[in-house]
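Here is a short briefing to read alongside the model. Take a look at the fold first, then follow the notes below.

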Amino acid sequence: MIHYSDLQIVLQEVPGQISLCFSITGCPLRCKGCHSPFLWKKGMGTPLTDETFVHHIERYKSMISCVLFMGGEWEEEDLIHKLQIAHTYGLYTCLYTGLNDEEVSPFIREELTWIKTGRWREELGGLKEKTTNQRFVEVQTGELLNHLFQK
Ligand code: SF4
């Protein structure tokens, strides 16, 4: 079962969208310099049951256009199910993961509008930096959209 530590409405993580963002706990990747090491502990936070997820969507659906998961790919079946629920509300979906492109399950990708991949590497920076190893991609077309984050 997916657990989350935090829920926020975010404007910048998915360009052009108002996203309901769930920070999922239990990230196994342990990137050096991780901005959120409190997310490493599995089972920390609140269980994201279907009822809880639907409750949050119902509450915010008039404000949002997208549901964003910060992690959760390690609970593949559960994540896919949540993404499918988001689709029934006509919402776009996005996943931020530290995995590389080829490491992400194709079954998860099928349910995503956008994906951000790549481990955090301090010396290369995040999406705002041209040097970054991370990639923000429109899944269906494969188009790289990093330029939307860069000035
Ligand atoms: S993927 Fe993100 S949350 Fe996970 S260890 Fe790396 S920086 Fe931290």
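C94 stands opposite W114 in β6, strands being DSSP runs of E with at least two residues, numbered from the N terminus. That facing pair belongs to a parallel pairing of β5 (residues 92-96) with β6 (residues 114-117), which runs over three bridges; two strands pair if DSSP finds at least two bridges between them. Please keep in mind that this is a predicted model, where local features need pLDDT of at least 70, side-chain atom pairs count only at pLDDT 80 or more, and totals for chains, interfaces and linings use all residues. Residues are numbered from 1 along each chain as its sequence is written, and side-chain values use heavy atoms, with hydrogens and water left out.

**Sheet and helices**

- The protein chain contains three helices and eight strands, helices being DSSP runs of H or I with at least four residues.
- Along the sequence, these elements follow the pattern β-β-β-α-β-α-β-α-β-β-β.
- The eight strands make an open sheet with mixed pairing, in the order β3-β1-β2-β4-β5-β6-β7-β8.
- Because β3 (46-47) and β8 (143-144) stand at the edges with a single partner strand each, one side of each has no neighbour in the sheet.

**A residue to look at in β8**

- L144 lies in strand β8.
- Leaving aside neighbours within four places in sequence, L144 is in contact with R135, F136 and V137, where contact means heavy atoms within 4.5 Å.
- L144 and I115 are 29 residues apart in sequence, and their C-alpha atoms are 9.9 Å apart in space.

**Overall shape and packing**

- The C-alpha trace spans about 40 × 30 × 25 Å along its principal axes.
- Buried residues make up 47% of the 151 residues.
- Of the contacts with a separation of 6 or more, 53% are between residues 24 or more positions apart.

**Surface**

- The protein chain exposes about 8100 Å², and carbon and sulfur atoms supply 53% of it; accessible areas come from the Shrake-Rupley method with a 1.4 Å probe.

Key
Buried < 20%, exposed > 50% of the residue type's maximum accessible area, 1.4 Å probe, protein only.
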